[in-house]
Amino acid sequence: MEERVRQLLRKRRYDEALEELLDLYEQKVFRMAVAMLRDAGRAEEITQDVFLKVWRALPGYDGRAAIGTWLYTIARNTCLSAVRSESYRRTWPIAQSSEPAAETTTAADVEIAECLAALPAMQREVVTLYYLQEKSVRDVSELLDLPEGTVKSHLHRARRTLAGMLT
Amino acid sequence: MTMDCRTAQEQILEYLDAAVWPAEVRAHVPQCQTCAAFLQVQTSVDRRLTTALAAPRLSTAFRPALRRRMIAERPSWLRDTLPDILHFTGWSVATAAGASVLTIDPAFVLVAGAGAALSSYVLLTVLRSSLEEL
């Protein structure tokens, strides 16, 4: 898939390359934005910003970094800028759909939210991304640019702490 | 070979799914109340987090909205050159009208009109680029 994107870039077919990248990464980037911004609607706007930046930068992509790594760097920086520039309430839950849906916040959700909020920032980010990214350590490691071992270590500590809080 | 509880619990954290446990963990957990309880708690936490942190999906409006933003940013030859076309067309019409109405030499009017069109174009270009830098 990545080779297909590289081929399109060599032919300067940037719009088609972007379509391929959207197919591959849009959901992952969106979930990272949700994890960082905790607001699905705002996360969708930021995901648009990310892919707009990627589209603008595609002609200058030099191929030295893997395209996923390059894209995640843009995504992470864009999300961090959004977090810094806006004052987000650090509350949960984050599991909101950006499409109209029934409100499903329950006492259990609130309890989970409070426990997650009590975790150290990195553990919270890892555990949140792990579940949002459908339990892929590899995806979390790529998104956060951390070794898989480090992700697992944060995840283990977070699980032990959460078990203590939730039982 | 027996396994200590700490190692077993690390393995449980590593693989919550019993199907992928190493054989030693599979043998240890049913015989150890502490680890069996640990597994039960971890499975429950995992289930609760899976429910609470369900992966959201992008809305169906995402790609159309992104495409609109891309189109708005795409360089457009007509949009970029339309002010220049209007500028020179306006001056040409004014010069032609002046040459036909005024009683002075039409050649002079044409030269003056061309000069005015060019110098005002240069002024506008400078003004436009300095505004873009702001």
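In this predicted model, helix α4 of chain B buries Phe62(B), Arg63(B), Ala65(B), Leu66(B) and Met70(B). Viewed along the axis of α4(B), these buried residues lie within an arc of 160 degrees, and therefore they line one face of the helix. The face turned away from that buried side carries Arg68(B), Ile71(B) and Ala72(B), which are exposed. The partners of the buried residues belong to chain A: the packing is against α2 (14-37) and α3 (40-57) of that chain.

The length of α4(B) can also be checked. The helix covers residues 62-73 of chain B, and its 12 residues should span 16 Å at 1.5 Å a residue; the end C-alpha atoms are 17 Å apart, which agrees with that expectation.

A second topic is the pairing of aromatic rings. Over all chains, a search of the whole structure finds four aromatic pairs. A pair of this kind is described by the distance of the ring centres and the angle of the planes. Two of the pairs, both in chain A, are set out below.

| Aromatic pair | Centre to centre | Angle between planes | Arrangement |
|---|---|---|---|
| Tyr61(A) and Trp70(A) | 4.8 Å | 55 degrees | tilted |
| Tyr130(A) and Tyr131(A) | 5.1 Å | 90 degrees | edge-to-face |

The tilted pair joins Tyr61(A) to Trp70(A). Tyr61(A) has a relative accessible area of 12% and is therefore buried; Trp70(A), with a relative accessible area of 16%, is buried as well. In the edge-to-face pair, Tyr130(A) and Tyr131(A) are both buried.

Note on methods. Residues are numbered from 1 along each chain as its sequence is written. Chains are lettered from A and ligands numbered from 1 in the order in which they are written. This is a predicted model: local features need pLDDT of at least 70, side-chain atom pairs count only at pLDDT 80 or more; totals for chains, interfaces and linings use all residues. Side-chain values use heavy atoms; hydrogens and water are left out. Helices (H or I, at least four residues) and strands (E, at least two) are DSSP runs, numbered from the N terminus. The expected span of a helix is 1.5 Å times one less than its number of residues. Buried means under 20% relative accessible area, exposed over 50%, partly exposed in between (1.4 Å probe, protein chains only). The arc is that of the directions from the helix axis to the C-beta atoms. Contact means heavy atoms within 4.5 Å. Rings of Phe, Tyr and Trp (its six-membered ring) pair if their centres lie within 6.5 Å; planes under 30 degrees apart count as stacked, over 60 as edge-to-face and the rest as tilted.
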